[in-house]
Amino acid sequence: MKEKRNMDVMPQERPAGRTPADVRDRFYLQEAIRKYHGTIVKTIGDAVMAVFSLVGDALAAVREMHQSLAAAMPMSEAKPRLLLKSSLHIGPCLAVNANEKLDFFGTTINLAARMDGCCQGGDLTVSDELFQRPETAQFILGLPHPPASSEVKFRGFESPHKVWRLQMV
């Protein structure tokens, strides 16, 4: 099983001259993913999708990304604040090697990609499958607010899914 994470940096207002690549590079999203043994498999606009082998590594990478962004862009009236939207899901998927690059497909990937739509910014949404893991229970102990759950009907899925919103900053 692999964890899928869809990282989406969503500015309230994008500062002039900033591109999605600037955001990914400047705020160390790629570095956090690599530091915690993840691999970026897709980038689309502001979104970065990565895979991890361990739940704890995915959670640690997300924590570091949120902390790095908050430290690099503190709240200020003079500058718009960039807020990270992140989501984690766990499950089976298809891995395909096409054009010498590994890519991932399947229901797990589709759900992970849609879950960031539940974010408000500065938060992490996790599927109930990931929320029930002991690594997630330990991770939650260090958060400033208790998690909140909701049932969400995602496009392309027949049944609603329980997702948990964790405020990170």
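**Burial and contacts in a predicted chain**

Modeller: In this predicted model, buried residues account for 47% of the chain's 169 residues, and its secondary structure comprises six helices and nine strands.

Colleague: What makes you call Ser-86 buried or exposed?

Modeller: Ser-86, which is part of strand β4 (residues 82–91), has a relative accessible area of 0%, and since buried means under 20%, Ser-86 is therefore called buried.

Colleague: Why is the pairing of the side chains of Ser-86 and His-66 called a polar contact?

Modeller: The side chains of Ser-86 and His-66 are joined at 2.8 Å, and because a polar contact is a pair of N or O atoms within 3.5 Å, of which one must be able to donate a hydrogen and the other to accept it, the pair is counted as a polar contact.

Colleague: Which backbone atom does the side chain of Ser-86 reach?

Modeller: The side chain of Ser-86 reaches the backbone oxygen of Asp-123, at a distance of 3.0 Å.

Colleague: Which residues of helix α4 are buried, and how do you know on which side of α4 they lie?

Modeller: In α4, which spans residues 107–115, the buried residues are Thr-108, Ile-109, Leu-111, Ala-112 and Met-115. Around the axis they cover an arc of only 165°, so they lie on the same side of α4.

Colleague: What part of the accessible surface belongs to carbon and sulfur atoms?

Modeller: Carbon and sulfur atoms hold 52% of the chain's accessible surface, which comes to about 8800 Å². As for contacts between residues at least 6 apart in sequence, 68% of them join residues at least 24 apart.

How values were computed. Residues numbered from 1 in each chain as written. Predicted model: local features only at pLDDT ≥ 70, side-chain atom pairs only at ≥ 80, totals over all residues. Heavy atoms only, no water. Helix = DSSP H or I, 4+ residues; strand = E, 2+ residues; numbered from the N terminus. Buried < 20%, exposed > 50% of the residue type's maximum accessible area, 1.4 Å probe, protein only. Contact = heavy atoms within 4.5 Å. Areas by Shrake-Rupley, 256 points an atom, 1.4 Å probe, with all protein chains shown as cover. Arc of directions from axis to C-beta.
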